[in-house]
Amino acid sequence: MQKEVVDSMAMKRALTRITYEIIEQNKGIRDVVLVGIKTRGVYVAQRIAERLHQLEDAVIPVGALDITPFRDDQPQNAIQNPVAYQLDFSVADKKVVLVDDVLYTGRTIRAALDALMGGGRPQCISLAVLVDRGHRELPIRADFIGKNIPTASQERIKVSVTEVDGHDGIEIIS
C-alpha cells in the first residue's frame with residue numbers, strides 16, 4: 001500500500017526552507033559546497049543550489065558522491081570496481097553540505113563521511129535531508145530537515161524526483 005505524504009508543492013517548500021537555513025547557519029554562502037549522495041541526493045542538492053543561486057546570485061559547486069565502496073553493510077566482494085573520491089572540486093577548507101533524500105539508520109551518511117574525507121579536510125560538514133524517518137543505528141542527525149516522517153521499521157519511504165521518476169512526491173510504502 002502506498003500513501004502520498006508530501007506532494008510536489010510541499011516538497012518545493014521544504015527545499016526552500018532548507019535553502020534559507022543553509023544561508024542562515026553559514027552566515028551566507030561563502031565557501032559553501034553541496035555534495036549529493038547518489039542517486040536522488042544529487043538531484044536534491046542541485047535543486048538547493050538553484051535556489052541558492054536565485055537568492056544569493058552566486059553559483060555553488062555541486063558534486064555527486066557514490067558511497068557504494070564505503071558501505072559497511074555490503075560484502076567487499078560484492079562491490080565491483082571500488083571507486084575512490086570523485087568530485088570535480090576539492091572539499092579542503094570548504095563548508096560542505098552533504099545532501100541525501102532520506103535519513104534512516106545513518107549508515108549511508110557514515111559511508112559518505114568516509115568517502116568525503118578522501119578529498120581533503122573540510123572546514124565543516126553539515127547534513128541536509130529531505131526526509132528524516134527515524135530509526136537511527138548510529139549517532140547521526142541532520143542539520144537541515146525538509147520533513148520529519150515517523151515510520152514503522154517495516155515501512156519504506158519513497159522519494160520521487162522529476163529527473164528520475166517523472167514527478168515529485170514522497171510516499172510511505174507499507
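**Salt bridges, a helix crossing and a buried arginine**

Arg47 and Asp168 form a salt bridge in which the closest N and O atoms are 2.8 Å apart; the term stands for a side-chain nitrogen of Lys or Arg within 4 Å of a carboxyl oxygen of Asp or Glu. This pair links distant parts of the chain, with Arg47 in helix α2 and Asp168 in the loop between α4 (162-165) and β8 (169-173), 121 residues apart. Helices (H or I, at least four residues) and strands (E, at least two) are DSSP runs, numbered from the N terminus. Both Arg47 and Asp168 are buried, where buried means under 20% relative accessible area, exposed over 50%, and partly exposed in between (1.4 Å probe, protein chains only).

The model is predicted, so local features need pLDDT of at least 70 and side-chain atom pairs count only at pLDDT 80 or more, while totals for chains, interfaces and linings use all residues. Residues are numbered from 1 along each chain as its sequence is written, and side-chain values use heavy atoms, with hydrogens and water left out.

The structure holds eight salt bridges. One of them joins Arg107 and Glu137 (2.7 Å, N to O). Because Arg107 lies in helix α3 (residues 107-116) and Glu137 in the loop between β5 and β6, this pair ties together parts that are 30 residues apart in sequence. Arg107 is partly exposed at 24% relative accessibility, and Glu137 is partly exposed at 48%. Another salt bridge pairs Arg136 with Asp132, with 2.9 Å between the closest N and O atoms. Here Arg136 is partly exposed at 27%, whereas Asp132 is buried at 10%. Through shared partners, salt bridges also join Arg47, Glu163 and Asp168 into one network.

Helix α2 (residues 40-56) also meets helix α1 (residues 8-25): their axes come within 9 Å and cross at roughly 65°. Axes are lines fitted to C-alpha atoms, for helices over the stretch in contact, and angles run from 0 to 180 degrees between N-to-C directions. Residues that meet (contact means heavy atoms within 4.5 Å) include Met11, Leu15 and Ile18 in α1 and Val44, Arg47 and Ile48 in α2.

A last stop is Arg133, in the loop between β5 (124-132) and β6 (144-148). Arg133 is buried yet has no salt bridge, and the nearest side chain of opposite charge, Glu155, is 6.1 Å away; Lys and Arg count as positive and Asp and Glu as negative, with His and the chain ends not counted. Among the residues that Arg133 touches are Val102, Tyr104 and Ile149.

Definitions and conventions:
Lists of a residue's contacts leave out its neighbours within four places in sequence.
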